[in-house]
Amino acid sequence: MEQIIKRYINPDRDVWSSLCERRLSDDGIIENRVREIIAHVQQGGDSALLSLAAQIDGVELSALEVSAAERREAFRQVSPQLRDAIAKAARNITKFHMAQRFEPVRVETSPGVLCVQRAVPINRVGLYVPGGTAPLFSTVLMLAIPAKVAGCKEIILCTPTDKEGRVAPAVLFAAMVCGVERIYKVGGAQAVAAMAYGTETVPAVDKIFGPGNRYVTKAKEILSQRVAIDMPAGPSEVLVMADDKAVPAFVASDLLSQAEHGVDSQVVLLCSSENVADAVCAEVERQMAVLPRKSIAEGALSNSKVIVMPNADDRIAFVDMYAPEHLIISTDDPWGVSARITSAGSVFIGNFTPESAGDYASGTNHTLPTSGWARSHSGVNVDSFVRKITFQEASPKGLVELGDTIVTMARAEGLDAHANAVLERLKYLDEKNNTIWI
């Protein structure tokens, strides 16, 4: 295992920044191709989407929108056990996100000056659900449920199909559970372009959500100048903090659960001693040997890191510098450690909280910032689907109370018209002998 994962023993702080760098491939070719796809969709609409499906995915589609008959057939194809699991996960996700609903703020900042803030849902949102090697039906729950809780009026979903032009049944069932009916058979960068510009069939949206491969990510980056996106994104990642209280088999399973996502996944073990590192690496070898996606996991691990830091304060400082998408704390006093962490997408506490709990059913959201963006971005939540609008009202008395302050500040900035907007009103009140505001 030591030949697969490179190990760093108590590295000096001056090399920490290099250890925090993500493995990024040159995407110049990808960017050029994505720009071609975007232009094709913008100009060709539905016909472009159909031709790209044939060209890129090798599928001949007769229609872009999923029909009611296809949704009914998908329901029959999903096992009762999986239906129950999806429904239970949906209940937990709904419960946690319902608790995030914003209460209006109403404050009288000065006598007669009222300020209000209200949350207003985004009108139309577009959700992208990846297909690829593993159709992520759980992503439907993670995006559609907070959109529904926020009160978005229109929710559309784009997802790729198989070679026969069928959307994964579990994706369609999850959409049914969430009440999403407008589903389109469009994948990749072309799906992002369709939701950004709109076509004859796919409506343009106000904000796009969802993970995807490098083509999807690049399309979102390019089109973020036209339409809002959820957050910057990169390959998925996990950092596990472990000391001698950790169970090596558990830590190894968490590292592998991330590594099997894709060869570009980022996996870091940050531990207190070489003994812990040895025990975990031995477990990784044992568990990986029987994984169906072993080759993918090996590819991810070959570019991953084991970092040994005996000092607990150093480990916490390193986590904040790395800002992982997923942080698992398998240490003594994990809640105490977590209280000192300021940069992470989602945190998993203790030996019995695998990352997969948050991926599926604990209730938290699994759409999270990667590539260090957790230093400045939150994961998807109800706030992601709303805009917060402020309102203010000054009574005549309130304007008199605040008038001198506004005029003084406006004149100091050389904006006389701003000052006059107040002075005209004060003059009006004076002419009425102050009877309006007294």
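This is a predicted model: local features need pLDDT of at least 70, side-chain atom pairs count only at pLDDT 80 or more; totals for chains, interfaces and linings use all residues.

Start by selecting A419, V422, L426 and L429: these are the buried residues of helix α16, where buried means under 20% relative accessible area, exposed means over 50% and partly exposed lies in between, using a 1.4 Å probe and protein chains only. An α-helix has 3.6 residues a turn, so residues three or four places apart point the same way.

Residues are numbered from 1 along each chain as its sequence is written, and side-chain values use heavy atoms, with hydrogens and water left out.

Now show the whole of α16, residues 416-431. Its 16 residues should span 22 Å at 1.5 Å a residue, and its end C-alpha atoms are 22 Å apart, which agrees; the expected span is 1.5 Å times one less than the number of residues.

Zoom out for a moment. The chain has 16 helices and 14 strands, which are DSSP runs numbered from the N terminus (helices are H or I, at least four residues; strands are E, at least two). Buried residues make up 46% of the 438 residues.

Next, select strand β11, residues 305-308. Is it covered on one face or both? Both: K305 and I307 on one side are buried, and so are V306 and V308 on the other. In a regular strand the side chains alternate between the two faces of the sheet.

Bring in the neighbours of β11. Strand β1 (residues 6-9) runs parallel to β11, joined by four bridges, and I9 stands opposite V308. Strand β10 (residues 266-271) is parallel to β11 too, with four bridges, and here L270 stands opposite I307. Strands pair if DSSP finds at least two bridges between them.

Last stop: the second largest pocket. Select V66, E70, E73, A74, Q77, D162, R166, V167, P169, L172 and K185, which line it. Helices α3 (68-77) and α6 (169-178) are the elements that give two or more residues to this lining, and α3 gives the most, with four. A pocket is an open set of points on a 1 Å grid over the protein atoms alone, where a 1.4 Å probe fits, with protein on both sides within 12 Å along at least five of seven lines; lining residues have an atom within 4 Å of a point.
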